[in-house]
Amino acid sequence: MHHSLPLLQADCENCFALCCVALPFAKSTDFAVNKPAGTPCQNLRQDFRCGIHTRLRDQGFQGCTVFDCFGAGQQVSQVTFGGRDWRTHPAGRAEMFDVFPVMRRLHELLFYVDQALGLPDAAQVHPELRRLLAETEQWTRADAAALVALDVAELRGRINTLLLKTSELVRAKVPGRRKNHRGADLMGARLSGANLRGANLRGAYLIAADLSRADLRTADLIGADLRDANLRGADLRGAVFLTQPQLNAAQGDPATRIPPPLTRPTHWT
């Protein structure tokens, strides 16, 4: 990661539990209760820590274990609002909660651009990527009013054009025919042992798909829904735009091969 960038992974010690307050969630297999946006979760303690952090899955809050703010929480808490928390400064809580999802999208974009800059095969688009990296990083230091008014979709569109080009350049080096499953409905699909090396799986629905022992090297997985996907024994080395939240949402085992700097989720068996 480039030294000028903010930390692109959650640092909960320096965050005012924004994901536990600002965001809504609905009662489902991921959450045990309904919670509207701007309302603290019932499990949140006064010290901004979760009262059931070590038992989230057992208590029906699996969704919390797969969420990652990409470091937006501490950026909003310590930079945008200068360490002023929403409990002792209630006048700014609504604005803080509005800024948080914007900052998360910015940090996610920074993650993708930073990853693209680490891919030598995409060198021809690196100069433009660096310009957009600098622009996006500058936005993360903007004040709350500017962030709330920011057209993130427009910025995302410009970045996505380059990420698409990055993906094409990297996957073009993979020998043989590459499968295109962009945006495909592959929910529950039986893909055990499948050759998906260099495949385009952007935005594919892979919920509960069996990808055990599948070859996913250099596959483009940006936006792919891997909730409950079986990645046991799968090879994800070099997978393009794979994120920690995607891994956290899937199932894997010690034989699953994942690219650095991503880490093996603690719930994998």
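**Aromatic rings and a pocket**

Mentor: Happy to, and keep in mind that this is a predicted model. To start us off, F16, F48, W86 and F97 form one aromatic cluster.

Trainee: Is the pair of F16 and F48 stacked, tilted or edge-to-face?

Mentor: The two ring centres lie 5.4 Å apart, with 50 degrees between the planes. Planes under 30 degrees apart would count as stacked and over 60 as edge-to-face. The pair of F16 and F48 is therefore tilted.

Trainee: How many residues apart in sequence are the parts that this pair ties together?

Mentor: F16 is buried at 11% relative accessible area, and F48 is buried too, at 14%. Both F16 and F48 lie in the segment before α1 (62-66). The pair ties together parts whose separation in sequence is 32 residues.

Trainee: Which element gives the largest share of the lining of the second largest pocket?

Mentor: That pocket holds about 660 Å³ of space. Its lining has 26 residues, and F111, Q115, P260, P261 and L262 are the closest to the centre. Two elements give two or more residues each, α3 (93-117) and α7 (244-249). The largest share, four residues, comes from α3.

Trainee: Is E137 buried or exposed?

Mentor: E137 sits in helix α4 (residues 126-139), and its side chain makes a polar contact of 2.8 Å with the side chain of R141. The relative accessible area of E137 is 11%. Under 20% is the cut-off here, so E137 counts as buried.

Technical notes:
Residues are numbered from 1 along each chain as its sequence is written. This is a predicted model: local features need pLDDT of at least 70, side-chain atom pairs count only at pLDDT 80 or more; totals for chains, interfaces and linings use all residues. Side-chain values use heavy atoms; hydrogens and water are left out. On a 1 Å grid over the protein atoms alone, a cavity is a set of points where a 1.4 Å probe fits but cannot get out, and a pocket is an open set with protein on both sides within 12 Å along at least five of seven lines; lining residues have an atom within 4 Å of a point. Grid points are joined across faces, edges and corners, and a volume is the space filled by probe spheres set on the points. Buried means under 20% relative accessible area, exposed over 50%, partly exposed in between (1.4 Å probe, protein chains only). A polar contact is a pair of N or O atoms within 3.5 Å; within protein, one must be able to donate a hydrogen and the other to accept it, and residues adjacent in sequence count only if both atoms are side-chain atoms. Rings of Phe, Tyr and Trp (its six-membered ring) pair if their centres lie within 6.5 Å; planes under 30 degrees apart count as stacked, over 60 as edge-to-face and the rest as tilted.
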